[in-house]
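Thanks for coming. Let me put it on the screen.

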Amino acid sequence: MTAQMHVPSLLSRAGAVSALTLAAVGGTLFAPGAAPEAQAATTHANKALSVAVSKKGSPYRYGSAGPSRFDCSGLTLYAYKKAGKSLPRTAQQQYNKTRHISKASRQKGDLVFFHSGGKVYHVGIYAGSGKIWHSPKTGSWVKLDKIWSSKVYYGRVR
């Protein structure tokens with residue numbers, strides 16, 4: 001009987017250590033019985049990020065949403081559509097549709113919205129380490145850049 005009582009506590013400690021180790025190295029933990037929507041959101045976000053990365057070098061074109069030219073919200077719309085999620089067309093509309101999250105809660109694949117005076121004017125896909133994949137402006141292309149402003153909101157596609 002005593003051995004049976006210690007096994008669950010050993011498993012609990014082993015699980016806690018694994019989760020802490022995973023968190024320390026920046027991993028994602030999917031616990032059995034965890035909310036399926038959380039797992040699905042992460043899966044969609046990772047897929048969308050991969051799609052955006054695959055469009056590296058595609059030229060910017062105002063009003064374009066792929067497959068070979070993009071404006072900022074066109075890239076996010078296209079990437080999430082390929083990941084199985086629907087987004088509206090403009091950066092402001094996309095912000096309005098996402099679940100707003102804190103900087104501390106952001107994860108790879110979340111959307112990063114740049115704003116001024118309460119209006120969202122640009123969007124990219126968070127790549128980790130303070131960087132985004134985006135299609136910035138005329139004469140540019142889809143690329144990875146450092147987040148250059150502190151005036152950003154974060155949103156998670158539901």
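I will start with Asp71, which counts as buried because its relative accessibility is 6%. Keep in mind that this is a predicted model. What does the side chain of Asp71 meet in a salt bridge? The partner is Arg89, with 3.0 Å from N to O. The pair links distant parts of the chain: Asp71 sits in the loop between helix H2 (36-54) and H3, Arg89 in the loop between H3 and helix H4 (91-97), and the two are 18 residues apart. Arg89 has a relative accessibility of 27%, so this residue counts as partly exposed.

By the rule used here, the salt bridges number two. The other pair to look at is Arg156 with Asp110, where the closest N and O atoms are 2.8 Å apart. Arg156 belongs to strand E6 (residues 152-156), and Asp110 to the loop between strand E1 (99-101) and strand E2 (111-116), so this pair ties together parts 46 residues apart in sequence. Are these two buried or exposed? Arg156 is buried, at a relative accessible area of 14%. Asp110 is buried as well, at 2% relative accessibility.

Now the chain as a whole. It has four helices and six strands, and in sequence order the pattern reads α-α-α-α-β-β-β-β-β-β. The chain has 158 residues, and 36% of them are buried. Taking contacts between residues at least 6 apart in sequence, 52% join residues at least 24 apart. The accessible surface is about 9300 Å², and carbon and sulfur atoms account for 57% of that.

Back to helix H3, which covers residues 72-82. Why call this helix largely enclosed by the rest of the structure? Because nine of its 11 residues are buried. Those buried residues are Cys72, Ser73, Gly74, Leu75, Thr76, Leu77, Tyr78, Ala79 and Tyr80. After H3 comes Gly84, which has a positive phi, near 95 degrees.

Setting aside neighbours within four places in sequence, which residues is Ser73 in contact with? They are Arg89, Thr90, Ala91, Gln94 and Val123.

In soluble globular proteins, nonpolar side chains tend to be buried together. Here, the largest nonpolar core holds 24 residues, and Tyr80 and Leu111 touch the most other members. Which elements give two or more residues to this core? They are H2, H3, H4, E2 and strand E3 (119-128). Apart from this core lies another one, of eight residues, including Ile101, Val112, Phe114 and Val152.

Technical notes:
Residues are numbered from 1 along each chain as its sequence is written. This is a predicted model: local features need pLDDT of at least 70, side-chain atom pairs count only at pLDDT 80 or more; totals for chains, interfaces and linings use all residues. Side-chain values use heavy atoms; hydrogens and water are left out. Buried means under 20% relative accessible area, exposed over 50%, partly exposed in between (1.4 Å probe, protein chains only). Contact means heavy atoms within 4.5 Å. Accessible areas come from the Shrake-Rupley method with a 1.4 Å probe; for residues, only the protein chains shown count as cover. A salt bridge is a side-chain nitrogen of Lys or Arg within 4 Å of a carboxyl oxygen of Asp or Glu. A nonpolar core is a set of buried Ala, Val, Leu, Ile, Met, Phe, Trp, Tyr and Cys residues joined through side-chain atoms within 4.5 Å.
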